[in-house]
Amino acid sequence: MRKILVLVLFILFLILAWFSWCWYKETVVCCPEPVPEISYGPLIFDCDTGEIITNDLWPEKKQEILTGVGKGKKLLLVGPYFTSETEQDGISRAEMVKLLFTELSSEDIITDSRFAGDCEEAKSNMLHELKYKWVTRNDDIIEHLDRTFVFYKYDSDKEVVNESVLAYFDELTSFLKTSGDNILIVGHTDSDGPALYNEDLGLKRANEYKAHLISLGVDESKITVESKGETEPLRPNDTPENKQMNRRVAIHITE
């Protein structure tokens with residue numbers, strides 16, 4: 001009887017040891033944590049050489065970019081520059097990407113740069129932080145990635161209402177209606193006339209465009225206006241051409 005009891009206890013011990021080992025194997029020593037696979041593309045930049053690397057998704061992405069073209073638009077490519085680099089490094093990257101768009105003439109592509117943090121960390125972001133946008137550039141309107149300048153005639157607070165300006169505000173209206181973004185409209189002037197007059201003139205210019213956007217259906221709460229008067233010129237107020245560049249409203253996209 002004692003031998004049977006010992007045998008039963010031994011079998012129970014083996015069963016307990018087996019289940020204990022299975023638990024230990026599954027929860028402690030079984031498997032290392034899986035390393036998440038990081039996928040890049042369709043375009044990144046080599047962080048050591050700066051060269052462009054594309055994959056098989058790039059042709060589709062490029063076609064998507066090209067189909068966004070509008071009448072009178074130019075393609076703005078904003079290249080990233082990273083920690084310990086300069087703006088020129090970003091422009092150089094944008095110029096390399098420009099060469100990939102053989103369907104467009106050189107005059108139809110504009111390059112610029114922006115800071116994008118750490119190069120390796122930014123690889124997982126779309127296009128390695130390269131930004132693009134179809135923009136309007138002419139005598140009345142200059143569109144950048146996140147801001148736009150609309151220029152005025154001398155001493156005027158009336159809207160510029162040519163075709164390209166109206167088209168831009170139609171696009172801006174659609175964007176504001178479908179996004180969570182807001183805008184800041186800032187009025188600027190040249191240095192002719194008293195400073196207080198110019199500050200008031202700049203505010204009138206900003207409010208003219210605010211009223212125009214509201215008339216197109218943009219919620220007033222999405223628009224903030226202010227005036228800088230003559231205090232932030234783009235260029236010295238020493239020639240008629242430079243003064244015209246300073247008579248403007250600047251439209252900034254804000255979150």
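**Close-up views of the predicted model**

The structure holds 17 salt bridges, a salt bridge being a side-chain nitrogen of Lys or Arg within 4 Å of a carboxyl oxygen of Asp or Glu. This is a predicted model, in which local features need pLDDT of at least 70, side-chain atom pairs count only at pLDDT 80 or more, and totals for chains, interfaces and linings use all residues. Residues are numbered from 1 along each chain as its sequence is written, and side-chain values use heavy atoms, with hydrogens and water left out.

**View 1. Salt bridge between Glu143 and Lys73.** The closest N and O atoms of Glu143 and Lys73 are 3.5 Å apart. Glu143 belongs to strand β6 (residues 141–143) and Lys73 to strand β3 (residues 73–81), so that the pair links distant parts of the chain, 70 residues apart. Helices (H or I, at least four residues) and strands (E, at least two) are DSSP runs, numbered from the N terminus. Glu143 is buried at 3% relative accessibility, and Lys73 is buried at 11%. Here buried means under 20% relative accessible area, exposed over 50%, and partly exposed in between (1.4 Å probe, protein chains only). Glu143 and Lys73 also belong to a network of salt bridges that includes Lys133 and Glu171.

**View 2. Salt bridges of Glu129 with Arg114 and of Lys123 with Glu120.** In the pair of Glu129 and Arg114, the closest N and O atoms are 2.9 Å apart. Because Glu129 lies in the loop between α4 and β5 and Arg114 in strand β4 (residues 109–115), the pair ties together parts that are 15 residues apart in sequence. Glu129 is buried, with 14% relative accessibility, while Arg114 is partly exposed at 26%. The side chains of Lys123 and Glu120 meet at 3.3 Å, N to O. Lys123 is buried at 14% relative accessibility, and Glu120 is partly exposed at 45%.

**View 3. Leu127 and His128 in the loop between α4 and β5.** Most residues other than glycine have a negative phi. Leu127 has a positive phi, near 55°, and His128 also has a positive phi, of about 55°. Leu127 is found between α4 (119–122) and β5. Leu127 counts as buried because its relative accessibility is 0%. His128 is likewise buried, with a relative accessible area of 0%.

**View 4. Open sheet of 5 strands.** The strands follow the order β6-β7-β10-β8-β9, and the pairing is mixed. Two strands pair if DSSP finds at least two bridges between them. β6 and β9 (223–229) stand at the edges with a single partner strand each, so one side of each has no neighbour in the sheet. On average, neighbouring strands of this sheet are turned by 15° against each other, direction ignored; the axes are lines fitted to C-alpha atoms, and angles run from 0 to 180 degrees between N-to-C directions. Strand β8 (residues 182–188) pairs with β9 in the parallel sense over 6 bridges, and Ile183 stands opposite Ile223 in β9.

**View 5. Strand β7 and its partners β6 and β10.** Of the 5 residues of β7, 4 are buried, and the strand is mostly covered. With β6, the pairing is antiparallel over 3 bridges, and Ile141 has Val150 in β7 as its bridge partner. A hairpin of 3 residues joins β6 to β7. β7 and β10 run antiparallel and are joined by 5 bridges; Arg147 stands opposite His252 in β10.

**View 6. The largest pocket, with a volume of about 670 Å³.** On a 1 Å grid over the protein atoms alone, a pocket is an open set of points where a 1.4 Å probe fits, with protein on both sides within 12 Å along at least five of seven lines; lining residues have an atom within 4 Å of a point. Grid points are joined across faces, edges and corners, and a volume is the space filled by probe spheres set on the points. Of the 25 lining residues, Tyr132, Lys133, Leu145, Phe175 and Ile253 are the closest to the centre of the pocket. At least two lining residues come from each of β5 (131–136), β7 (147–151), α5 (163–178) and β10 (248–254). The lining has 11 nonpolar, 4 polar and 10 charged residues, where Ala, Val, Leu, Ile, Met, Phe, Trp, Tyr, Cys and Pro count as nonpolar, Asp, Glu, Lys and Arg as charged, and the others, Gly among them, as polar.
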